[in-house]
Amino acid sequence: MATTPRGTRLAIITPAFHGYHEAFRAAFEAVGADVTVICYDAFTTITKKIRNKAELELPERLGIDRSAERARRLSAPVIAALREIRPDRVLVIKGDALSDGFWEELEAMRIPTIVWFYDEMRRMQFSDDRIAAFDKIATYSVHDAAELDRRGLTVRHIANGFDTFTPYREIGHRSETTFIGAAYPNRIEAMQYLHDSDVPVRAYGRTWSHDWRDRARTWGSDRPAIPAGRDVSRSVAYGIMRGSLASVNSHFNQDGFTMRTFETPGVGGVHLIDREDIAELYEPDREVLVYRDLDDLVDQVHRLRRDRGLADRLREAGKRRTLAEHTMVHRAREMERFFAA
């Protein structure tokens, strides 16, 4: 069992995406690290949010490239924090929005660093030269891990995991099939197909919500005509997944598994996933359900509605497997072994 040497100061430099930075903090503290979290894209006040919209997002929507200024603004406070705390180790999560100046500063400090990709390289902004300069890379993508290894880089495949530290309570209706997350085309298609097949559904997130505030936040973008709720916290999301008949996990041009892959079974939800290779992590029909096309998705939901005993067995077995093998603490231990290698 990997633990961090006592007193090791770990800086985690991360997006503020859905509060996962607190899950990373708790997991690494659980294995012994003295953790400082630096969120590089957290706009913590209304003033900062308005300034970001007006000075960066709006010009970019008008075709004006503000990427260099965005990277500079995000990176300056991170560089200052690193200079102040002088950590023993650094874990950068994603990090492709940070400037060249940040990476040059980190290299000059000569601190052991792992960069953790929880997205595919093809969707990130790193150049090949920048990636080649990283000491160690962890990635959730099996394909990217193989490619980086082929390039001769030090890489390890480390999957996402379930945050056991966030409290939740069951919310919702066991009659509804839910989806929580961004409204990508394949996800819209899946939820719309269920809705059109008279399956009770509800989707959650700013790009599903019909609330005027979410329309404003997404610049008036279109959204599907299905029952929908606003953005929810991870705590509430966990409760919704626990309280739903089933939760859909539809991947969008990804070979890595999303956080939902571990969260839905982790909270005792019924996990409906579109990836047969989930068998590498969970046992289909015993711990999760796999759907192969949209008709199969509808059939699986009807199967759950007919057989509540099946749903109960999936909930219990999926949660048991997650807690035994797929928590954030498990991933923190893997990362510690990678630091020590």
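In this predicted model, the residues that line the largest cavity divide into four nonpolar, two polar and one charged. The lining is made up of Phe 179, Ile 180, Met 241, Ser 247, Val 248, Arg 260 and Thr 264, and the space within the largest cavity amounts to about 50 Å³. A search for cavities of 30 Å³ or more returns one in the structure. At least two residues of the lining are supplied by each of three elements, namely strand 7 (177-180), strand 10 (246-249) and helix 10 (260-266).

Helix 9, which spans residues 234-243, is mostly covered, with seven of its 10 residues buried.

The largest nonpolar core holds 30 residues, of which Ile 13, Leu 82, Phe 102, Trp 103, Phe 117 and Ile 131 touch the most other members. Strand 1 (9-14), helix 3 (67-85), strand 3 (89-93), helix 4 (100-109), strand 4 (113-117) and helix 6 (142-150) each supply at least two residues of this core, and the largest share, five residues, comes from helix 3. When residues up to four places away in sequence are not counted, Phe 117 touches Lys 94, Met 124, Phe 126, Ile 131, Phe 134, Ile 137, Ala 138, Thr 139 and Tyr 140.

Across the whole structure, 32 salt bridges are found. In one of these, the side chains of Arg 130 and Glu 107 meet with an N to O distance of 3.0 Å, and the pair links distant parts of the chain, since Arg 130 lies in helix 5 (residues 128-133) and Glu 107 in helix 4, 23 residues apart. Arg 130 has a relative accessibility of 14% and therefore counts as buried, whereas Glu 107, at 41%, counts as partly exposed.

A salt bridge is also formed between Glu 170 and Arg 242, whose closest N and O atoms are 3.3 Å apart. This pair likewise links distant parts of the chain, with Glu 170 in the loop between strand 6 (155-157) and strand 7, and Arg 242 in helix 9, 72 residues apart. Glu 170 is partly exposed, with a relative accessible area of 41%, and Arg 242 counts as partly exposed at 25% relative accessibility.

The loop between strand 6 and strand 7 also holds Glu 176, which is paired with Arg 202 in strand 8, 26 residues apart, so that distant parts of the chain are linked. In this salt bridge the closest N and O atoms of Arg 202 and Glu 176 are 3.2 Å apart. Arg 202 is partly exposed, with a relative accessible area of 27%, while Glu 176 counts as buried because its relative accessibility is 10%, under the 20% limit for buried residues. Finally, Glu 283, Arg 286, Glu 287, Arg 321 and Glu 325 are linked in a network of salt bridges.

Terms used. Residues numbered from 1 in each chain as written. Predicted model: local features only at pLDDT ≥ 70, side-chain atom pairs only at ≥ 80, totals over all residues. Heavy atoms only, no water. 1 Å grid on protein atoms, 1.4 Å probe; cavity = no way out; pocket = protein on both sides within 12 Å on 5 of 7 lines; lining within 4 Å. Points joined across faces, edges and corners; volume = space filled by probe spheres on them. Helix = DSSP H or I, 4+ residues; strand = E, 2+ residues; numbered from the N terminus. Nonpolar A, V, L, I, M, F, W, Y, C, P; charged D, E, K, R; others polar. Core = buried A, V, L, I, M, F, W, Y, C linked by side-chain atoms within 4.5 Å. Buried < 20%, exposed > 50% of the residue type's maximum accessible area, 1.4 Å probe, protein only. Contact = heavy atoms within 4.5 Å. Salt bridge = Lys/Arg side-chain N within 4 Å of Asp/Glu carboxyl O.
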